[in-house]
Amino acid sequence: MKKNASLPHQKTKEMTTGAVLDSYYLLENVHLRSTKAGNPFLSGTLRDAAGSVPFVMWDYAGSITPEDAGRVAYVSGTVGEYNGNTQVTADEVALAGDQDDPYIPLSELVPVAPIDIEEAYRFIDDTLVASMFKSKAADLALKLVTDLKP
């Protein structure tokens, strides 16, 4: 299993036909199916913070099942089209979780609020803590905010 994700993360909304894919995504709507000829294949949706795109892996004999929806997976393959819509044809789909997997920032996989974290901490420090009466509660709140600061 390759699982090196050597290319930069390719956002689902920026995928172009013919592009090579080598990254991590959330799995959704996972299905194990068979072609009319009886050959097994895996299909589903790859999701990241930018959106989602359907995928298919032909002649699938791996261990991913519908119960793996919501998990992070390494995917390599090629971006193509099917019925006029973008679709990934995967060469490999493997659940993340091995020691060899790199750290995958959650902010790349799920939408996050576009806030400035430092500004949010300043607001908490300046507005909320300062407005509390001077007591043990204010000291405790200030310590909590300071301890949580990245």
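**Exercise 1.** In which strand is the place of glutamine 87? Determine also whether this residue is buried or exposed, and state which residues it touches.

*Solution.* The model is a predicted one.
- Step 1: Glutamine 87 belongs to strand S5, which comprises residues 85–95.
- Step 2: The relative accessible area of glutamine 87 is 17%. Because buried means under 20%, glutamine 87 is classed as buried.
- Step 3: Leaving aside residues up to four places away in sequence, glutamine 87 touches Val53, Pro54, Phe55, Val56, Thr78, Val79, Gly80, Glu81 and Tyr82.

**Exercise 2.** Describe the order of elements along the chain, and state in what order the strands close into a barrel.

*Solution.* 
- Step 1: Three helices and five strands are present in the chain.
- Step 2: Along the sequence these elements follow the pattern β-β-β-β-β-α-α-α.
- Step 3: The barrel is closed by five strands in the order S1-S2-S3-S5-S4, with mixed pairing. On average, neighbouring strands of this sheet are turned by 50° against each other, direction ignored.

**Exercise 3.** Follow the pairing of the strands, giving for each pair the direction and the number of bridges.

*Solution.* 
- Step 1: Strand S1 (residues 20–34) and strand S2 (residues 40–48) run antiparallel and are joined by seven bridges. Within this pairing, leucine 27 stands opposite leucine 46, and glutamate 28 stands opposite threonine 45. The hairpin of S1 and S2 has five residues between the strands, and glycine 38 takes a positive phi near 90° there.
- Step 2: S2 and S3 are antiparallel as well, with eight bridges. The hairpin that joins S2 to S3 passes through two residues. Threonine 45 has proline 54 in S3 as its bridge partner.
- Step 3: S3 and S5 run parallel and are joined by two bridges. Here phenylalanine 55 stands opposite valine 88.
- Step 4: S1 and S4 run antiparallel, with seven bridges between them. In this pairing aspartate 22 stands opposite serine 76.

**Exercise 4.** How many aromatic pairs does a search of the whole structure find? Characterise the pair formed by phenylalanine 41 and tryptophan 58.

*Solution.* 
- Step 1: The search finds two aromatic pairs.
- Step 2: The pair of phenylalanine 41 and tryptophan 58 has a centre-to-centre distance of 4.9 Å and an angle of 45° between the planes, and it is tilted.
- Step 3: Phenylalanine 41 lies in strand S2 and tryptophan 58 in strand S3, so the pair ties together parts that are 17 residues apart in sequence.
- Step 4: The two partners are classified separately by accessibility. Phenylalanine 41 counts as buried at 13% relative accessibility, whereas tryptophan 58 is partly exposed at 44%.

**Exercise 5.** Where does glutamate 67 lie, and is it buried or exposed? Describe its surroundings.

*Solution.* 
- Step 1: Glutamate 67 is found in the loop between strand S3 (51–58) and strand S4 (72–82).
- Step 2: The relative accessible area of glutamate 67 is 66%. The cut-off for exposed is over 50%, so a residue above it is assigned to that class; glutamate 67 is exposed.
- Step 3: The side chains of glutamate 67 and threonine 65 are joined by a polar contact of 2.8 Å.
- Step 4: Between the C-alpha atoms of glutamate 67 and glutamate 28 the separation is 9.7 Å, while these residues are 39 residues apart along the chain.

**Exercise 6.** State what share of the chain is buried, and describe its contacts and its surface.

*Solution.* 
- Step 1: Of the 150 residues in the chain, 33% are buried.
- Step 2: Among contacts between residues at least 6 apart in sequence, 54% join residues at least 24 apart.
- Step 3: The accessible surface comes to about 9500 Å², and carbon and sulfur atoms account for 55% of it.

Technical notes: Residues are numbered from 1 along each chain as its sequence is written. This is a predicted model: local features need pLDDT of at least 70, side-chain atom pairs count only at pLDDT 80 or more; totals for chains, interfaces and linings use all residues. Side-chain values use heavy atoms; hydrogens and water are left out. Two strands pair if DSSP finds at least two bridges between them. Helices (H or I, at least four residues) and strands (E, at least two) are DSSP runs, numbered from the N terminus. Axes are lines fitted to C-alpha atoms, for helices over the stretch in contact, and angles run from 0 to 180 degrees between N-to-C directions. Buried means under 20% relative accessible area, exposed over 50%, partly exposed in between (1.4 Å probe, protein chains only). A polar contact is a pair of N or O atoms within 3.5 Å; within protein, one must be able to donate a hydrogen and the other to accept it, and residues adjacent in sequence count only if both atoms are side-chain atoms. Contact means heavy atoms within 4.5 Å. Accessible areas come from the Shrake-Rupley method with a 1.4 Å probe; for residues, only the protein chains shown count as cover. Rings of Phe, Tyr and Trp (its six-membered ring) pair if their centres lie within 6.5 Å; planes under 30 degrees apart count as stacked, over 60 as edge-to-face and the rest as tilted.
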